[in-house]
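Subject: Structure for you, with notes

Hello,

Here is the structure for you to open. Please keep it on screen while you read the notes.

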Amino acid sequence: MPTDQNQNSAVQGALKAVLPSVPSFPSGDEVYDGIMSTIEPDLTTSQLPLLAQKYQNETPDEASTRSARYTKAFAEYDRRYAAFTVQLESAVHTYQKIAVASVEEHSKMKEERDLSNLEQSMSAS
């Protein structure tokens, strides 16, 4: 007779088989760089440490112009990041719905199988 631990392992294995794969999530740096690289490459994580040397000889007017450009870039980043989070939340919600439906379907099939086995065992007696 199977132990509770064996039954739990079997149930977990069966659930893993019916559940959709978990969506992968990019790291914070990947999200930031993915968005910012198309807006202002100077502001990506790999370039930030190099900015002081890169712009060491710029004039105050050039620095002011660059600062304004960066301010606009961060505003655009915020807009795109907000859109990204909406898409991510939607993907997570969709995964949750699919996962719940998969577990419910698996449970229903198991109940039907158990009921059928019980009916067969009763008719054999």
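Below is what was found, starting with how to read the values.

This is a predicted model, in which local features need pLDDT of at least 70 and side-chain atom pairs count only at pLDDT 80 or more, while totals for chains, interfaces and linings use all residues. Residues are numbered from 1 along each chain as its sequence is written, and side-chain values use heavy atoms, with hydrogens and water left out.

Salt bridges

Side chains of opposite charge can pair when their charged atoms come close. A salt bridge here is a side-chain nitrogen of Lys or Arg within 4 Å of a carboxyl oxygen of Asp or Glu. The search of the whole structure gives seven of them.

Take Glu40 and Arg69. Their side chains form a salt bridge, 2.8 Å from N to O. Glu40 lies in the loop between helix H2 (28–36) and helix H3 (51–54), and Arg69 lies in helix H4 (residues 60–124), so the pair ties together parts that are 29 residues apart in sequence. Helices are DSSP runs (H or I, at least four residues), numbered from the N terminus.

Are the two partners buried or exposed? Glu40 is buried, at 9% relative accessible area. Arg69 is partly exposed, at 36%. The cut-offs are under 20% relative accessible area for buried, over 50% for exposed, and in between for partly exposed (1.4 Å probe, protein chains only).

Next, Glu76. Its side chain forms a salt bridge with Arg79, at 2.5 Å from N to O. Glu76 also forms a salt bridge with Arg80, where the closest N and O atoms are 2.7 Å apart. Arg79 and Glu76 both lie in helix H4, three residues apart. Glu76 and Arg80 both lie in H4 too, four residues apart, which is about one turn of the helix. An α-helix has 3.6 residues a turn, so residues three or four places apart point the same way. Arg79 is exposed at 54% relative accessibility. Glu76 is partly exposed at 21%, and Arg80 is partly exposed at 31%.

Which residues are joined by shared partners into one network? They are Glu40, Asp42, Lys54 and Arg69.

Four residues of H2 are buried: Val31, Tyr32, Ile35 and Met36. They cover an arc of only 110° around the axis, so they sit on the same side of H2. The arc is that of the directions from the helix axis to the C-beta atoms. The face turned away from this buried side carries the exposed residues Asp29 and Glu30. H4 is included in what covers the buried residues of H2.

Thr44 sits in the loop between H2 and H3. Thr44 is buried, at 8% relative accessible area. Its contacts (heavy atoms within 4.5 Å) are Tyr32, Asp33, Met36 and Ser37, not counting residues up to four places away in sequence.

A nonpolar patch

Leu115, Leu118 and Met122 make a nonpolar surface patch of about 320 Å². Leu118 lies in helix H4 and is partly exposed, at 46% relative accessibility. Patches are made of residues with over 30% relative accessible area and no salt bridge; like charges are joined within 9 Å, nonpolar side chains (Val, Leu, Ile, Met, Phe, Trp, Tyr) within 5 Å. Accessible areas come from the Shrake-Rupley method with a 1.4 Å probe.

Best wishes

Technical notes. Helix = DSSP H or I, 4+ residues; strand = E, 2+ residues; numbered from the N terminus.
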